[in-house]
Amino acid sequence: MALTLTNAKVRDAMRRRLLLTALSLIVLMVVGAWAVWWFFLATYGQRVVAAANAEGSEPRLTYTAIERFGFPFTVGIRLRDAEMTGAWGAGQAKLAAAVAEVSARPWRPRDMAILLPEGLGWVTTAPSPANRQSGQAVRAAGRAGPNISGNSSNTANPLWAMELNLEDVSHTLTYTNVGPLLAERGRIYWTKLDGPPPTKSEIEIGFADMTFPSGALFGRQAKQADVSLTLTGAFPFSGKPDAIKAWRAEEGRIDIRSSRVRWGALDVTGTGAIGLDAAYRPAGGVTLRLAKGDAVIDRLTALGQLNATAAAAAKTVLAFASLSATNGRATAPVTLTDGEAAIAGFTLGPLQPVCACE
């Protein structure tokens with residue numbers, strides 16, 4: 001009897017050892033698989049960065065050092081002295097960050113977090129003065145991927161999205177010495193939508209609590225500048241004539257879903273759509289809704305932007321527009337047709353082609 005009990009205890013002890021051994025092996029296998037998956041993702045990220053760093057890449061990404069970080073629960077790539085350069089009009093655009101971090105969770109590698117803890121700088125250069133500008137943000141943080149949430153109004157079928165929040169933004173248009181424009185906060189939200197051609201993208205841009213130099217048009221302080229756009233077609237951000245021609249050929253257009261500017265006496269909202277006609281001139285229309293229109297005209301007159309005759313004509317237009325006022329806002333349609341711009345039926349002047357595309 002005693003021998004039987006001893007054998008049973010031995011068998012129980014062996015079972016426990018086997019169970020512990022099996023559990024240990026399972027844990028080691030899980031940990032090993034997790035480590036392999038982490039290093040696979042980190043290596044893949046480094047290869048993507050290296051491909052963007054190759055000579056001839058457009059845009060091209062350069063950096064002085066690349067590091068992995070975040071194991072085991074975050075897959076991260078950190079770049080030192082990162083610069084991204086690409087074509088912009090007839091010149092180049094350059095983004096620069098002393099430190100740039102992109103990270104993701106191993107179980108959701110396509111949803112990425114972006115952090116530029118030491119800020120983001122940008123410079124564009126081109127023979128055309130309209131493209132020469134520079135700026136910086138003290139800090140930038142955001143996300144990118146197919147599943148991030150945002151405030152875009154039409155993200156039922158997002159293919160890709162990026163959200164970037166900026167702090168303490170300074171921006172200068174160097175060719176006119178306008179600036180620096182300072183904004184406490186800025187936001188860019190870009191969504192590329194899935195669906196049949198032509199491609200569509202949504203862009204939301206907003207700045208809050210802005211400061212302008214002394215003598216600015218509507219004063220030094222502006223509370224808000226927001227715009228929400230839908231871009232149809234491959235919008236020619238580069239400004240190259242071939243890209244502009246291709247965009248027009250696929251009937252590209254800009255739909256302004258909403259916009260608002262609050263700057264001193266100016267408080268205006270707008271919606272509409274703009275494309276290009278056969279001569280590559282802006283074509284379409286925008287409906288503006290203006291509050292305190294008389295104050296805006298008086299401000300422009302005081303600054304010498306309008307003479308007495310033009311101011312009187314503007315107030316006449318405003319009086320007619322006020323007949324259809326909604327919520328205290330006078331409605332003024334702006335039309336871009338046959339190479340001319342007009343507001344509420346009054347011609348403003350001719351429109352020039354956006355490029356020599358013929």
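Tutor: The model is a predicted one. In it, Val-227 has Ser-259 of strand E12 as its bridge partner.

Student: How many bridges join strand E11 to strand E12, and in which sense do they run?

Tutor: Strand E11 covers residues 221–232, and strand E12 covers residues 253–263. The pair Val-227 and Ser-259 is a bridge with its partner in E12. The two strands run antiparallel, and the number of bridges joining them is ten.

Student: Which residue of E13 is the bridge partner of Arg-260?

Tutor: Arg-260 belongs to strand E12. E12 pairs with strand E13 (residues 266–276) in the antiparallel sense, over seven bridges. In E13, the bridge partner of Arg-260 is Thr-269.

Student: Which residue in the hairpin of E12 and E13 takes a positive phi?

Tutor: The hairpin has two residues between its strands. The phi concerned is near 60°, and the residue that takes it is Gly-264.

Student: Is Arg-260 buried, partly exposed or exposed?

Tutor: The relative accessible area of Arg-260 is 27%. Buried would require under 20%, and exposed over 50%. Because 27% lies in between, Arg-260 is partly exposed.

Student: What is the C-alpha to C-alpha distance between Arg-260 and Ala-225?

Tutor: In sequence, Arg-260 and Ala-225 are 35 residues apart. Ala-225 is also among the residues in contact with Arg-260 once neighbours within four places in sequence are left aside; that list includes Gln-224, Asp-226 and Arg-329 as well. The C-alpha to C-alpha distance is 5.8 Å.

Student: Which residue's side chain is joined to that of Arg-260 by a polar contact of 3.1 Å?

Tutor: The contacts of Arg-260 include Asp-267, Val-268 and Thr-269. Of the side chains, the one joined to Arg-260 by the polar contact of 3.1 Å is that of Asp-267.

Student: What is the accessible area of the nonpolar surface patch that includes Leu-23?

Tutor: Leu-23 lies in helix H1, residues 2–53. Its relative accessible area is 44%; a patch takes residues with over 30%, so Leu-23 passes that cut-off. The patch is formed by Leu-19, Leu-20, Leu-23, Ile-26 and Val-30, and their accessible area together is about 490 Å².

Student: What share of the residues in the chain is buried?

Tutor: The chain has four helices and 17 strands. Its accessible surface comes to about 20700 Å², with 61% belonging to carbon and sulfur atoms. Of the 358 residues, the buried share is 34%.

How values were computed
Residues numbered from 1 in each chain as written. Predicted model: local features only at pLDDT ≥ 70, side-chain atom pairs only at ≥ 80, totals over all residues. Heavy atoms only, no water. Buried < 20%, exposed > 50% of the residue type's maximum accessible area, 1.4 Å probe, protein only. Areas by Shrake-Rupley, 256 points an atom, 1.4 Å probe, with all protein chains shown as cover. Patch = residues over 30% accessible without salt bridge, like charges linked within 9 Å, V, L, I, M, F, W, Y side chains within 5 Å. Salt bridge = Lys/Arg side-chain N within 4 Å of Asp/Glu carboxyl O. Pairing = 2+ DSSP bridges. Contact = heavy atoms within 4.5 Å. Polar contact = N/O pair within 3.5 Å; in protein donor to acceptor, adjacent residues only side chain to side chain.
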